[in-house]
Amino acid sequence: MLCLVARFKDDVLRYPIPSKDSLIGSSEENHLLLPFPGVSRTHARVRPVDGGILFTDLGSKNKLMVNAERHDEYLLIEGMALQLGRAILTIEEASTSDVELALSVHRTGGANDRISAETGENFPAENALPSPALALQLIREIESAPRTARRKLNEILHRARTLIESESLMILDAGTSVSAETFRILVSDGEVPADTVLDELELITAEKRFDKQVVRSGGGFTLVVTPAGKKTKTGFIAAVFNGKPASIEPWKKDLLLYLARRAFGETAKLPEPLLDPGEETLVLPEQMVVGESQSMHRLLAQIRATVRSTMDVLLEGETGTGKELLARMIHASGPSSKGRFVAINCAAIPSELLEAELFGVHARVATGVDPRTGLFVEADGGSILLDEVGELPDRLQAKLLRVLQEREVLPLGAATPRKITVRVIAASNRDLLALVESGNFRRDVYYRLRGLQFHIPPLRERREDIPALVLDFVTRHAERYNKTIHGVSRKALRLLMEHDWPGNVRELQSEVERAVLVCPDGGSLQVDHFGPVRWSVEHRTAAVILPATESSEPPPQVTRQSSLDIQTRVDSIERELILEALKTSRGNKTIAAKLLGITRNGLAMKMARLKIGWIQ
């Protein structure tokens with residue numbers, strides 16, 4: 001596909017050809033952001049025309065430069081170059097997977113209709129496919145800001161409508177008295193409903209038929225939700241959908257019920273079926289991301305079933321899998337949540353100092369030695385995480401056994417032990433049972449530590465979680481470094497999904513942070529920004545290629561039309577799927593895009609590239 005490419009030194013930004021008049025400049029208020037030296041805040045207006053893009057200068061200092069000459073207006077076509085400030089603009093052919101985004105980063109602030117440099121979609125873009133996890137994220141944000149301003153309410157309604165994938169979403173006031181026979185729209189988002197829908201809502205209001213009513217209208221339906229248990233219904237939420245009522249998932253209805261409860265003053269209780277088992281009663285740390293993998297959801301379900309107990313916990317998993325985050329979740333969700341959470345890495349402290357850190361030092365034990373409380377006592381009433389517990393020397397394992405067995409601590413130099421109430425959470429990236437069998441870890445300590453034992457799967461066994469993790473890391477680090485990152489290209493995400501991640505989530509976070517740093521401001525993360533990952537994947541792939549066998553026959557002639565050509569095969573499959581989706585949707589591109597799992601703009605670009613016409 002053709003795109004507008006801007007270059008400054010080693011930085012490259014790619015924009016889809018705009019479909020309408022747009023502004024380009026260094027300010028975020030522009031549709032096309034060009035954050036390079038010499039570019040004015042609003043430098044020019046761009047207009048798509050047959051054969052190219054027409055640039056019109058808007059009074060910038062440096063004008064439009066072509067071959068060292070200044071222009072007020074210039075038609076940029078393929079094969080020519082235009083200079084804005086110190087940026088060089090060209091129109092070039094680009095791979096669709098380089099330009100289309102697999103993940104779009106939601107931005108707050110800036111122009112509401114600013115065009116993404118990679119997809120052409122308007123911002124703010126959606127973060128990911130709708131899911132119960134994103135619904136939970138929205139609910140947590142609402143709970144953290146109970147007194148929501150109307151501006152924030154509009155944003156919440158927009159995000160909720162995007163999550164439930166409705167055409168419109170409205171909060172309606174049905175009147176403060178039982179006799180009220182009409183309604184008024186308090187706030188709405190999306191397309192204006194048809195008159196037939198509004199007539200049905202007015203009839204519902206007059207007859208007081210509120211509770212989860214489904215009203216069919218044309219080719220769609222309207223779902224009406226009101227807080228359960230209220231004697232006098234004063235308001236309700238209405239969501240207008242295309243399709244059939246059976247197509248809406250239960251968690252979407254529960255999200256609407258939650259919003260109705262919040263909007264009309266009921267206790268903000270989470271609906272039971274909203275989340276998968278294991279999520280709804282667990283208190284997740286702020287930095288913890290729950291993806292889509294079955295293995296992680298099974299793990300959370302197991303933890304949920306046992307978290308209210310007081311048994312000690314053993315977490316095993318490779319380095320970087322997030323054992324400390326899970327330990328914090330267990331603490332915050334368990335009976336010791338009101339106490340402190342104390343963590344120590346047993347491998348990071350010399351053994352001669354570790355005893356004092358853990359068990360404390362009694363006063364006046366020796367001249368010049370200050371008394372110390374010890375981490376077990378500091379965690380009294382709460383939880384303590386013993387990270388890398390397999391590195392404990394045998395002498396300290398014996399003292400730890402006393403803590404696990406009797407819940408008492410004997411500080412260095414003390415004559416009598418001190419009773420404590422603490423939940424011990426141990427973590428190890430080594431197989432403790434194998435250490436026991438080899439005689440390197442005490443068997444009695446191991447069996448007391450593993451009151452509840454959980455194995456955290458490595459990232460290569462839950463690749464479905466990578467998109468959610470990448471999106472969270474990109475958003476977090478872009479904000480940290482004050483950079484505008486639009487998202488991650490399809491090709492880059494495919495690269496990340498192919499890597500084995502021996503360092504697991506920690507390695508993924510480091511690579512994303514590095515990519516954010518090297519990515520130009522206003523761009524999106526491309527394969528080239530993940531150099532070490534690309535080298536690792538290519539090196540592994542090259543290592544498994546079988547050597548060519550010797551043959552006396554000459555190699556076959558390979559042409560572009562070869563049946564083994566990958567791009568030809570991919571284009572053929574894409575064409576078949578798009579035609580089938582357009583046929584199913586009777587030519588409706590919005591519905592066809594949803595069937596294909598891509599954006600409407602993405603579908604339009606694919607149709608143009610594959611030369612697919614309209615389906616009547």
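**Notebook: strands, cores, surface**

I looked for a facing pair here and found Leu-54 opposite Leu-75 of β9. This is a predicted model.

Next I traced the sheet around them. It is open, has 5 strands and mixed pairing, and its order is β4-β3-β5-β6-β9. I checked the edges: β4 (32-33) and β9 (73-77) have a single partner strand each, so one side of each lacks a neighbour in the sheet.

Then I turned to the nonpolar cores. The largest has 32 residues, and Leu-358, Phe-376, Ile-384 and Leu-386 touch the most other members. I listed the elements that supply at least two residues each: β19 (341-345), α8 (351-359), α9 (375-378), β20 (383-387), α10 (394-406), β23 (423-428), α11 (432-437) and α12 (443-449). The largest share is from α10, with 5 residues.

What does Leu-386 contact, leaving aside neighbours within four places in sequence? I found Ile-344, Cys-346, Leu-358, Phe-376, Leu-400, Val-424, Ile-425, Ala-426 and Ala-427.

I also noted a second, separate core. It holds 28 residues, among them Ala-135, Ala-160, Leu-169 and Val-187.

Last, I took totals for the chain. I counted 19 helices and 25 strands. Of the 616 residues, 46% are buried. For contacts with a separation of 6 or more, 61% link residues 24 or more positions apart.

Technical notes: Residues are numbered from 1 along each chain as its sequence is written. This is a predicted model: local features need pLDDT of at least 70, side-chain atom pairs count only at pLDDT 80 or more; totals for chains, interfaces and linings use all residues. Side-chain values use heavy atoms; hydrogens and water are left out. Helices (H or I, at least four residues) and strands (E, at least two) are DSSP runs, numbered from the N terminus. Buried means under 20% relative accessible area, exposed over 50%, partly exposed in between (1.4 Å probe, protein chains only). Contact means heavy atoms within 4.5 Å. A nonpolar core is a set of buried Ala, Val, Leu, Ile, Met, Phe, Trp, Tyr and Cys residues joined through side-chain atoms within 4.5 Å. Two strands pair if DSSP finds at least two bridges between them.
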